[in-house]
Amino acid sequence: MVKLRLKRCGRKQRAVYRIVAIDVRSRREGRDLRKVGFYDPINNQTHLNVPAILYFLDKGAQPTGTVHDISKKAGVFTELSLNHTKFN
């Protein structure tokens with residue numbers, strides 16, 4: 001099973017996170033399948049590769065709680081519902 005979750009980067013006391021698609025059994029800093037975004041909680045910046053996130057969500061990937069909240073603020077799930085209504 002694949003999850004969309006945060007991968008910690010940066011230095012001490014100055015964490016930034018990559019949003020990655022990763023196998024559930026891998027550890028937090030383990031090898032990811034693909035990088036799909038970036039999140040900086042200190043400066044409150046996000047950068048998401050929306051087509052890649054939609055691809056993994058269509059394939060059954062589950063986002064963690066924090067990634068779900070970040071994606072929801074960016075409007076990824078509205079695009080997901082729009083894509084499903086186009087094809088159905």
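Which residue takes a positive phi just after H1? Gly60 does, at about 105 degrees. The legends below set this residue in its surroundings.

View 1. Helices (H or I, at least four residues) and strands (E, at least two) are DSSP runs, numbered from the N terminus. Along the sequence they follow the pattern β-β-β-β-α-β-α-α. The C-alpha trace spans about 50 × 30 × 20 Å along its principal axes. Of the 88 residues, 35% count as buried (under 20% relative accessible area; exposed is over 50%, partly exposed in between; 1.4 Å probe, protein chains only). Residues are numbered from 1 along each chain as its sequence is written. In this predicted model, local features need pLDDT of at least 70, side-chain atom pairs count only at pLDDT 80 or more, totals for chains, interfaces and linings use all residues, and side-chain values use heavy atoms, with hydrogens and water left out.

**View 2. Five strands form an open sheet in the order E4-E3-E2-E1-E5.** The pairing is mixed. Strand E4 (45–48) and strand E5 (62–63) stand at the edges. Each has a single partner strand, so one side of each is left without a neighbour in the sheet. Two strands pair if DSSP finds at least two bridges between them. Four bridges join E3 to E4, and these strands run antiparallel. Gly37 has Leu48 in E4 as its bridge partner. H1 packs on the sheet and touches E1, E2, E3, E4 and E5. Its direction makes about 120 degrees with that of E3. Helix H2 (residues 65–74) also packs on the sheet, touching E1, E2, E3, E4 and E5. The direction of H2 makes about 95 degrees with that of E1. Axes are lines fitted to C-alpha atoms, for helices over the stretch in contact (heavy atoms within 4.5 Å), and angles run from 0 to 180 degrees between N-to-C directions.

**View 3. Strand E1 (residues 2–11) and E2 form a hairpin.** They pair in the antiparallel sense over ten bridges. Gly10 stands opposite Ala15 in E2. Two residues lie between the strands. In this hairpin, Gln13 takes a positive phi near 60 degrees.

**View 4. Asp32 sits in the loop between strand E2 (14–23) and strand E3 (34–40).** The two strands run antiparallel, joined by five bridges. Ala21 stands opposite Arg34 in E3. Is Asp32 buried or exposed? Asp32 is buried, because its relative accessible area is 16%. A polar contact of 2.9 Å joins its side chain to that of Lys7. Such a contact is a pair of N or O atoms within 3.5 Å; within protein, one must be able to donate a hydrogen and the other to accept it, and residues adjacent in sequence count only if both atoms are side-chain atoms. Leaving aside neighbours within four places in sequence, Asp32 is in contact with Lys7, Val20, Ala21 and Ile22.

**View 5. Helix H1 (residues 50–58) has six named buried residues: Val50, Ala52, Ile53, Leu54, Phe56 and Leu57.** The structure holds one aromatic pair. Tyr55 and Phe56 form this pair, which is edge-to-face, with 5.3 Å centre to centre and 75 degrees between the planes. Rings of Phe, Tyr and Trp (its six-membered ring) pair if their centres lie within 6.5 Å; planes under 30 degrees apart count as stacked, over 60 as edge-to-face and the rest as tilted. Phe56 counts as buried, at 11% relative accessibility. Tyr55 is partly exposed, with a relative accessible area of 44%.
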